[in-house]
Amino acid sequence: LEREKRILVTGGAGFVGSHLVDRLMIEGHEVTVVDNFFTGRKRNVEHWIGHENFELINHDIVNPLFIEVDQIYHLASPASPPNYMYNPVKTIKTNTIGTNNMLGLAKRVRGRLLLASTSEVYGDPEIHPQPEEYWGHVNPIGPRACYDEGKRVAETMCYAYAKQDGIQVRVARIFNTFGPRMHMNDGRVVYGEGQQTRSFQYVSDLVDGLVKLMNRGTSKIVKKPAMQDDPKKRKPDITKAKNYLNWSPQVPMLEGINRTIEYFFNELRRSKHSERNFHVPETDSLKSYHKTNLI
Ligand code: NAD
Ligand code: UGA
């Protein structure tokens, strides 16, 4: 059995973060969630409040944070277009200054940091499927730039701290993920002519991939020669995740959709009952230091 660890999850009250928290709590770790509740909800983690291994801190990661932890899953960032476009400057600050703070924390405590990056670092990709070596095709001044470029800088910063200070980092380039607790007005794929394609994974598969990526020993960096606004097509090449992490999606599309529908059904019924407008913000799979595409 793995040693219990002190684990920080930034953005832990969000869609992906709260499922990761469930997994880490069930494994018996000490889990601290840091979230400013911009798109996250206390309700996503309320079942852990009061548990002796759980702590919830209302904090904006653009401001420094001093706590003692072994691992940092750094997920804090608005993730769906309507959310990250709502305040582009704040999105940039969260991904740059916020990530700098979390890397500074990792440096001080000599911990390991996993960055939740995104398939959006590929922009509107020109090659399919996208291998980790692809550099992307991003418009730096378009409406998605605050997020795409923010995550690209966040990745760059992870590698800079790794190189300069020996910080252990992991970068997961996450592709579209769905499941319970995703935001209702996620909106992706349904815009335009509906001809775009994406690759979808169920959230439990993503969480499994994130935990595997975090806990796998650091691989050697092998330098290879460089290979060369709403993406039209996107599909990850997951060969590395399969080979190095023994990871592949397990939940069939239909089953995942059924679980998600059930969740939304209950949500809608609940909100009707309480006659209150509940917060309905979003969603997007995975990549690493030894970079890994997790769908
Ligand atoms: P989410 O919006 O549900 O969760 C993000 C969380 O971060 C929220 O709880 C939000 O309140 C919090 N947050 C935002 N700014 C913050 C700040 N400045 N300080 C503290 N907390 C802050 O989104 P999600 O879908 O769970 O995404 C989680 C991570 O995964 C994000 O980094 C996102 O970019 C990445 N990602 C997700 C997908 C996907 O399909 N869901 C795809 C690609 C990448
Ligand atoms: C950084 C680099 O690490 C140095 O290599 C570089 O020389 C320097 O910038 C520079 O500007 O020239 P610094 O920003 O001082 O150094 O501190 P870091 O230890 O890298 O921390 C980065 C951020 O994380 C800081 O804003 C700090 O407040 C924050 N932090 C640090 C936390 O939020 N929590 C911590 O526990 C530790």
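The model is predicted, so local features need pLDDT of at least 70, side-chain atom pairs count only at pLDDT 80 or more, and totals for chains, interfaces and linings use all residues. Residues are numbered from 1 along each chain as its sequence is written, chains are lettered from A and ligands numbered from 1 in the order in which they are written, and side-chain values use heavy atoms, with hydrogens and water left out.

## The sheet

Helices (H or I, at least four residues) and strands (E, at least two) are DSSP runs, numbered from the N terminus. Two strands pair if DSSP finds at least two bridges between them. Strands of a sheet pair through backbone hydrogen bonds, either parallel or antiparallel. Here, six strands form an open sheet in the order β3-β2-β1-β4-β5-β6, and the pairing is parallel. Strands β3 (54–58) and β6 lie at the edges, each pairing on one side only. From one strand to the next, the twist averages 15 degrees.

Strand β5 (residues 112–118) runs parallel to β6 and is joined to β6 by seven bridges. Within this pair, L113 stands opposite V169 of β6, and R173 of β6 is the bridge partner of S117. A residue is buried under 20% relative accessible area, exposed over 50%, and partly exposed in between (1.4 Å probe, protein chains only). In strand β6 (residues 168–174), six of the seven residues are buried.

Strand β5, helix α4 (residues 145–165) and strand β6 make a right-handed β-α-β unit. A crossover is right-handed if, with the strands pointing away from the viewer, the path from the first strand over the helix to the second runs clockwise.

The expected span of a helix is 1.5 Å times one less than its number of residues. The table sets out the two helices.

| Helix | Number of residues | Expected span | Span between end C-alpha atoms |
|---|---|---|---|
| α1 (residues 15–26) | twelve residues | 16 Å | 17 Å |

Helix α1 is mostly covered, with ten of its twelve residues buried. Contact means heavy atoms within 4.5 Å. The buried residues of α1 pack against β1, β2 (30–35), β3, β4, β7 (177–178) and α5 (203–215). Just after α1, G28 takes a positive phi of about 90 degrees.

Two packed helices are described by the angle between their axes and the distance between the axes. Axes are lines fitted to C-alpha atoms, for helices over the stretch in contact, and angles run from 0 to 180 degrees between N-to-C directions. The axes of α1 and α5 come within 10 Å and cross at roughly 65 degrees. The contact involves F15, V16, H19, L20, R23 and L24 of α1, together with V203, L206, V207, D208, L210 and V211 of α5.

L20 is found in helix α1 and counts as buried because its relative accessibility is 0%. Leaving aside neighbours within four places in sequence, L20 is in contact with V9, Y73, L75, V207 and V211. L20 and L206 are 186 residues apart along the chain, and their C-alpha atoms are separated by 8.9 Å.

K212 lies in helix α5 and is partly exposed, because its relative accessible area is 29%. Not counting residues up to four places away in sequence, K212 touches L245, N246 and W247.
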